[in-house]
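Hello,

Here is the structure we talked about handing over. Please have it open while you read, and the notes below will walk you through what turned up.

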Amino acid sequence: MPARDYYETLGVSRDADEAQIKKAYRQLALQYHPDRNSGDKQSEERFKEVNEAYSVLSDPDKRAQYDRFGTVGMTGGGFDPTDLGFGTIFEDLFEGFFGGAGRGQRTRSRARRGEDLQYTLEMSLENAAAGLESRIQVPRFEPCEGCHGSGQEPGTKRKICATCQGRGQVRFSQGFLTVARTCPECGGEGEMNPNPCARCRGEGRQRAERLLKIKIPQGVDDSSQLRLTGEGGAGLNGGPAGDLYVVIRIRPHEFFVRRDADLYCELPLTFPQMALGTEVEAPVLGGKARLKVPPGTQPGEILRLRGKGMPGLHGRGRGDACYQAVLEIPTRLTAKQRELLEAYQHASTDESGPLLASFVERMKKLFG
Ligand SMILES: [Zn+2]
Ligand SMILES: [Zn+2]
């Protein structure tokens with residue numbers, strides 16, 4: 001059996017927008033809904049197909065994936081729901097049937113919490129150390145200006161649902177059984193919004209771009225989340241707003257890698273610098289500082305500038321800037337350098353540090 005084409009199933013073109021897909025789905029779901037075609041296996045099958053197609057095409061990610069990897073080569077013959085004059089009639093029927101949000105008497109009043117939103121804020125390590133006040137622009141739903149979020153046309157009232165008399169449930173008999181079911185008219189709310197706000201169609205909210213001022217505390221780490229309670233999407237029908245999560249992304253630093261409150265940097269040094277000791281310029285956050293390299297510094301040794309790391313969260317102390325000594329051996333020597341190094345080697349034949357002494361000792365023990 002060839003793989004089914006979801007666009008064909010819903011009868012929409014490949015470039016159909018969200019609204020067209022939704023409309024086509026509503027029409028077909030209504031047509032093939034099991035409640036209307038009791039016992040008809042073919043309708044049931046179609047209903048499943050339609051739902052499957054809609055679940056993919058209504059999800060932008062899934063749809064993109066399907067477009068890339070799914071079947072292609074539509075055979076046409078689909079119909080464009082927007083061409084057909086009865087779209088609105090079906091929509092009305094559909095709303096009565098499933099209790100979806102719509103117009104007039106059929107509008108539900110169910111209050112729902114708004115969406116939680118996520119905003120990614122990128123910043124430098126310097127900003128993360130200093131703390132930051134920033135303005136971010138967040139696209140979100142805000143309470144409708146027309147009805148202040150109630151979803152009702154100003155001056156109108158909600159009324160008790162006529163179908164369930166405000167109980168939110170309807171009872172019906174099936175043989176010996178009496179079954180209670182959520183009222184399809186009001187969705188269990190027990191009340192209706194007969195005059196939905198014209199501006200927001202009763203949803204109580206509208207799309208907006210909101211400029212928010214946020215304060216990032218000192219010492220935030222990569223992937224930290226700040227929760228701004230109630231700054232997410234506005235609720236539906238007067239429900240509470242969701243939360244906004246600001247996720248911190250710290251850009252990689254030119255020199256430093258962070259480990260908790262400490263900052264690490266590799267510091268290349270020459271053999272004479274490490275042997276004799278010196279003072280070098282080293283990077284610190286927002287500038288540079290003098291760093292003492294003591295005589296006899298070993299490769300890999302960590303030199304610290306105390307308190308030059310990241311501030312601890314909640315204002316507790318400050319980490320260190322840590323510099324790991326990396327010995328850089330010259331790969332090319334001038335004649336003069338070679339001469340001096342040979343002289344140095346000659347002068348140090350009988351000397352050995354603790355590492356070499358221990359190595360020679362162990363070799364002697366094992367091999368005699
Ligand atoms: Zn409104
Ligand atoms: Zn009801």
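Let me begin with a pairing between strands: Leu121 has Ile248 as its bridge partner in S9. Before going further, a word on the ground rules: this is a predicted model, in which local features need pLDDT of at least 70 and side-chain atom pairs count only at pLDDT 80 or more, while totals for chains, interfaces and linings use all residues. Residues are numbered from 1 along each chain as its sequence is written, chains are lettered from A and ligands numbered from 1 in the order in which they are written, and side-chain values use heavy atoms, with hydrogens and water left out.

**The sheet around S9**

S1 and S9 run parallel and are joined by seven bridges. Two strands are taken as paired if DSSP finds at least two bridges between them. Helices (H or I, at least four residues) and strands (E, at least two) are DSSP runs, numbered from the N terminus. Together with S8, these strands make an open sheet of three, ordered S1-S9-S8, with mixed pairing. Strand S1 (117-123) and strand S8 (225-228) are the edge strands, each pairing on one side only. From one strand to the next, the twist averages 25 degrees; the axes behind such angles are lines fitted to C-alpha atoms, for helices over the stretch in contact, and angles run from 0 to 180 degrees between N-to-C directions.

**A second sheet**

Another open sheet has four strands in the order S10-S11-S15-S14, again with mixed pairing. Its edges are S10 and strand S14 (302-305), each of which pairs on one side only. Neighbouring strands here are turned against each other by 35 degrees on average, direction ignored. S14 and S15 run antiparallel, with four bridges between them. One of the residues to look at is Leu303, whose bridge partner in S15 is Tyr323.

**Aromatic rings**

How many aromatic pairs does a search of the whole structure find? There are three, where rings of Phe, Tyr and Trp (its six-membered ring) pair if their centres lie within 6.5 Å, and planes under 30 degrees apart count as stacked, over 60 as edge-to-face and the rest as tilted. One of them is Tyr25 with Tyr54, a stacked pair at 4.0 Å centre to centre with 10 degrees between the planes. This pair links distant parts of the chain, since Tyr25 is in helix H2 (residues 18-32) and Tyr54 is in helix H3, 29 residues apart. Tyr25 counts as buried at 15% relative accessibility, and Tyr54 is buried with a relative accessible area of 19%. Buried here means under 20% relative accessible area, exposed over 50%, and partly exposed in between (1.4 Å probe, protein chains only).

Another pair is Phe256 with Tyr323: the ring centres are 6.2 Å apart and the planes at 65 degrees, so the pair is edge-to-face. It too links distant parts of the chain, with Phe256 in the loop between strand S9 (244-250) and strand S10 (257-259), and Tyr323 in strand S15 (residues 321-327), 67 residues apart. Phe256 is buried at 4% relative accessibility, and Tyr323 is buried at 0%.

**Two helices**

Helix H3 (residues 41-57) has 17 residues, and its end C-alpha atoms are 24 Å apart, which agrees with the 24 Å it should span at 1.5 Å a residue. The expected span is 1.5 Å times one less than the number of residues. Among the buried residues of H3 are Phe47, Val50 and Leu57. At the start of H3, a side-chain oxygen of Asp40 comes to within 3.0 Å of the backbone nitrogen of Gln42.

Is helix H8 buried or in the open? Of its 13 residues, the number buried is zero, so H8 lies largely in the open. H8 (residues 335-347) reaches 18 Å from its first C-alpha to its last, close to the 18 Å expected.

**Charged side chains and a cysteine**

The charged end of Arg205 sits over the ring of Phe141, 3.7 Å from its centre, and Arg259 lies over the face of Tyr264 at 4.0 Å from the ring centre. The test is that NZ of Lys or CZ of Arg is within 6 Å of the ring centre and within 35 degrees of the ring normal.

Glu142, in strand S2 (residues 132-143), is buried at 15% relative accessibility. The side chains of Glu142 and Arg210 are joined by a polar contact of 3.1 Å (a pair of N or O atoms within 3.5 Å; within protein, one must be able to donate a hydrogen and the other to accept it, and residues adjacent in sequence count only if both atoms are side-chain atoms).

Finally, Cys183 is in the loop between strand S5 (177-182) and strand S6 (191-192) and is buried at 1% relative accessibility. Cys183 and Cys161 are 9.0 Å apart, C-alpha to C-alpha, and 22 residues apart in sequence.
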